[in-house]
Structure formats: structure tokens, C-alpha cells
Amino acid sequence: MSTLMPQTMGLLQQRGEPALLGRTPEKLPSIESAFGIYLVDDLGNQFIDGISGAYAAVLGYSHPAMRAALADCGSVVPFVHNARFSNIWADELAEKLTEHFVLPDHRVYFSVSGADGLEAAMRISHVCAPPERKTGTFCSLRFSYHGATLGGLSASGHLKARQDYVGALKTDSVLVPAPLDGASIEDCLSAVEQAIREKPICAMIVEPVMGNAAGSAPLPTEYLVGVQQLCTAHGVGLIADEITSGFGRTGPALASKLAGLSPDITVVGKALTAGYFPISAALVSPSILERLPLRFTLLGHSHSAQPIGARLGLAAVNEIERLRPRIDELAAHLNALLTDGLKGSAVVEIQGRGLLYSIKLDPSYRIFQGRVSPSTIAYERALKEGLLTMPGSRLTDSGTTEEHLTIAPAYSMTDGELEEMITRLARALE
Ligand SMILES: Cc1ncc(COP(=O)(O)O)c(C=O)c1O
């Protein structure tokens, strides 16, 4: 039942707007139930969720392990103020994360959203930087996305996301080219080196496998290793944003492990509670811990280390761990299906890794003649086929727009469901 006063309801209805800010004027499908990998709207349409919500619902919906954990939440203390008390649920989850990611001697700082987690990593990097780099100046990649807070946006190379907030963003943030679209690794590393030499950069932020803003591009190992070497040589911190790529989404538990990186701080979120609760975590390495000043104010949020979220996180991480061999199997199957299943359609190239891929679209293909962008058309066609994906586009250095459709299936999919997902995708792009 609505809690709005009758006269307020009336005003909103007169203007024809839903009360929730940001809803588009066209009616979005309203999801009323969900089971397995299916979302069901108010008209009874079923959609395969091919994007795990937004990379978070990695176990699908109504997962038995998560339902059991939800039931157990009735006996969890609902709120404990993290600045005043510890709580066993958050302590256990922190311990579990260091084991799960094999990050011995790391310490865990819990936040609420991915952006908060990243901001915590930025604050801690600032506090631990050498005096000449204690500037709060961060370097990051073009086409990166680090969240919707002013700090996260300041460090994001997602120009469309930044455009309306430019005057509010930090002006000293440094964006360097990403090794995409054929840009040479050597040139991209030179740009990092130049930035580090010329500006008092406190830390560099990288997504080892980039998100939808960059079409799920895995960064080459040689580039990542080069970045780590430059950071180490110049006393610059390295923050790995694994909010999307972590928890097996792009192969190993952490994408940075595949490149042999040891970031100073790694940030994870999204899959951490399989989408059941908003939590993120900054995993802080011993190299940072030994530089933490004895007296400083760590700060936190009202809901930091929230016990119910921690209880749900523990269930999700245990289940993700149990599914580990299955995640690898599913990733190999997806790779084979994408190689064989999308031939002769609107596809230019498929980019990604593990259970995260972006399908680059050919804008001249006949189905894309319309008033909206090819990725929007592809998204809507997929939706009509009963498949939820994520559209994306970006302006390349050569001035062309690269359009893509991203998929990121749940780890709990069966082989048959994965095949059905690719069949629907192929139909949408034919
Ligand atoms: C790589 C990356 N970093 C940070 C964020 C921000 O996370 P949140 O939306 O939970 O604040 C996102 C969200 O999409 C992301 O993909």
C-alpha cells in the first residue's frame, strides 16, 4: 500500500509520472516474480536473464541456498553499528573472502555499493601514499566505469556517464588510453608512465577485464604487468576494480590473478551476495596495511558490515565456491556456443572472457535501420525473443561509434538453458 498522502499521489498522477525518479516515460516491464534464470513481468512474459540482473544475480532467482540463508536471516541481529561493535556475521564473511580469493594477510573493508567500495579504496590509497603523492589524484583508463558517486565518476573514463556532472567532478583526474581498438600496448604504457612522471598521481585504477562501457574487453596481461611495474617503481598505488570481473565472472576468482597482479587494493561487489543485498568490499593488501597511519579516521557508512548482508554474502560465496568447477565448464560451453551459434548474423566480433561477453554489432546490417542505436534495437529484439541482455556503445578514437550487446549468464544455468539463451540471441540478431 502506498505511504504517499492522497493529494501527493494526485499530483504525480496528473503529471503522468511514476513516483520513482528516473523511470522512462514509456512503461518499463514490471517484474513481479522470478525463478531459476527467468524473470516474469506483470503481463506474464518470461525472460531468460542473460545478464544476471546487472552481473549481480549470479545464482539466478529463488536459489535454494539463498532461500535457506534468507530464512536464517530471521535469527540474525538486523543492525549492528560497525563503528561501535563487531558482529560475527561480518567477521566471518571477511575471513571467508580472504580465503576465497587466496589473499593472505589482507584486511577487508565493507561498503554498500560498488562505488562506495571504490571510494574507500581511493581514500585509503590517499592516506597511505608517499607525501609527494598524497594528492587524491587518480589515473584511470578511457572507457572505464567506476561508479556513480562524484569520486567514482571523476575516475571514470565513461564520457557519456560523466557528461552532465563535469563541473562537479575532480579536475585533476587523469585519463589514459586503454589498449583497445588496435592501440599498441607500448604506447598505452608510455601514456601511463608519462602521467605518473608528470602528475603527482596517488593511485592507478584498472578493471582487468573492462565493463560494458568498454565492451567487456580483457586487458592484455602484458599491459597489466607493465602498469603494475610502473606503479611499483614510482610509488603509485594500484587499485583493481573487480566489481564486475570478480567472483569467477571472467574465469578465476579474481581476473587480476590471471595476469599475476598483486594490487594494493582490490574492490569487489555485485556477485558478493548474488544480488540479494547491496554490499561491496575493498580487500586491502599488507603493502598498504603497513603504511596505514596509526591514527586516522577510517570512516564508514551506516550500513557498513551490515549483519544480514554479511549472512547472505556468506551463503553466496560458499555457493559460488561449490560451483567453481561448473563455472569453468559453463564458460567453455558458452565460448563454443558463441563461436558456432552467431554466424551470418549482425555480429562483427565477440569480445570477453569466462561468462562475460560483448557482441560487437555491424551497424550497416539490415535490422539496424531505425531511429534508435543498433545496440538499443538489438536489445529490444532480444527482449522480444524473451532474453534480457545489456546494450552498450562507445565513441572510438577514430570517431566511429562501436555498438555492442553484452551477456553475462548466471553460474547456475544448465547446459540446456545456456543453449536456449544463445538460440534466442541468434534469432534476435538474424
Ligand atoms: C567495473 C565497475 N566498477 C564500479 C561499478 C559501480 O558499482 P555500483 O553500481 O554497485 O556502485 C560498476 C557498476 O556497474 C562497475 O561495472
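This briefing describes the sheets, hairpins, helix packing and ligand surroundings of one structure. The model is predicted, and local features are taken where pLDDT is at least 70, side-chain atom pairs count only at pLDDT 80 or more, and totals for chains, interfaces and linings use all residues. Residues are numbered from 1 along each chain as its sequence is written. Helices (H or I, at least four residues) and strands (E, at least two) are DSSP runs numbered from the N terminus, and two strands pair if DSSP finds at least two bridges between them.

- Seven strands form an open sheet in the order 4-10-9-8-7-5-6, and its pairing is mixed.
- The edge positions are held by strand 4 (107–111) and strand 6 (174–176), each of which pairs on one side only.
- From one strand to the next, the twist averages 20 degrees, where axes are lines fitted to C-alpha atoms, for helices over the stretch in contact, and angles run from 0 to 180 degrees between N-to-C directions.
- Strand 4 is joined to strand 10 (residues 280–284) by five bridges, and the two run antiparallel; within strand 10, Ala282 stands opposite Tyr109.
- Helix 8 (residues 185–198) packs on this sheet, touching strand 5 (138–141), strand 6 and strand 7 (203–206), and its direction makes about 160 degrees with that of strand 6; two residues are in contact if their C-beta atoms, placed from the backbone, lie within 7 Å.

- Four strands form an open sheet in the order 11-12-15-14, with antiparallel pairing.
- Strand 11 (347–353) and strand 14 (390–395) stand at the edges with a single partner strand each, so one side of each is left without a neighbour in the sheet.
- Neighbouring strands here are turned by 25 degrees against each other on average, direction ignored.
- Six bridges connect strand 11 with strand 12 (residues 356–361) in an antiparallel arrangement, and Arg353 stands opposite Leu356 in strand 12.
- Helix 14 (residues 374–384) lies across strand 12, strand 14 and strand 15 (401–407), running at about 25 degrees to strand 15.

**Hairpins**

- Strand 1 (residues 31–35) and strand 2 (residues 38–41) run antiparallel and are joined by four bridges, with Asp41 of strand 2 as the bridge partner of Ile31.
- Two residues separate strand 1 and strand 2 in their hairpin, and Gly36 in the turn has a positive phi of about 55 degrees.
- Strand 2 also pairs with strand 3 (residues 46–49) in the antiparallel sense over three bridges, and Gln46 in strand 3 is the bridge partner of Val40.
- The hairpin of strand 2 and strand 3 has four residues between the strands, and Gly44 in its turn has a positive phi of about 90 degrees.

**Helix packing**

- Helix 13 (residues 324–341) and helix 15 (residues 415–429) pack at an angle of about 30 degrees, with their axes 10 Å apart.
- Helix 13 and helix 15 are therefore roughly parallel to each other, a term that applies to angles under 35 degrees.
- The contact includes Leu330, His333 and Leu334 of helix 13, together with Leu418, Glu419 and Ile422 among the residues of helix 15.
- The residues of this contact divide into seven nonpolar, two polar and two charged, where Ala, Val, Leu, Ile, Met, Phe, Trp, Tyr, Cys and Pro count as nonpolar, Asp, Glu, Lys and Arg as charged, and the others, Gly among them, as polar.

**Ligand surroundings**

- Of the 13 residues around the ligand, Ser113, Gly114, Ala115, Gly147 and Ile243 come nearest; a residue is near a molecule if its C-beta atom, placed from the backbone, lies within 6 Å of it.
- Helix 5 (residues 114–128) supplies three residues, the largest share of the shell around the ligand.
- By class, that shell has four nonpolar, seven polar and two charged residues.

Methods:
Parallel < 35°, antiparallel > 145°, perpendicular 65-115°, else oblique.
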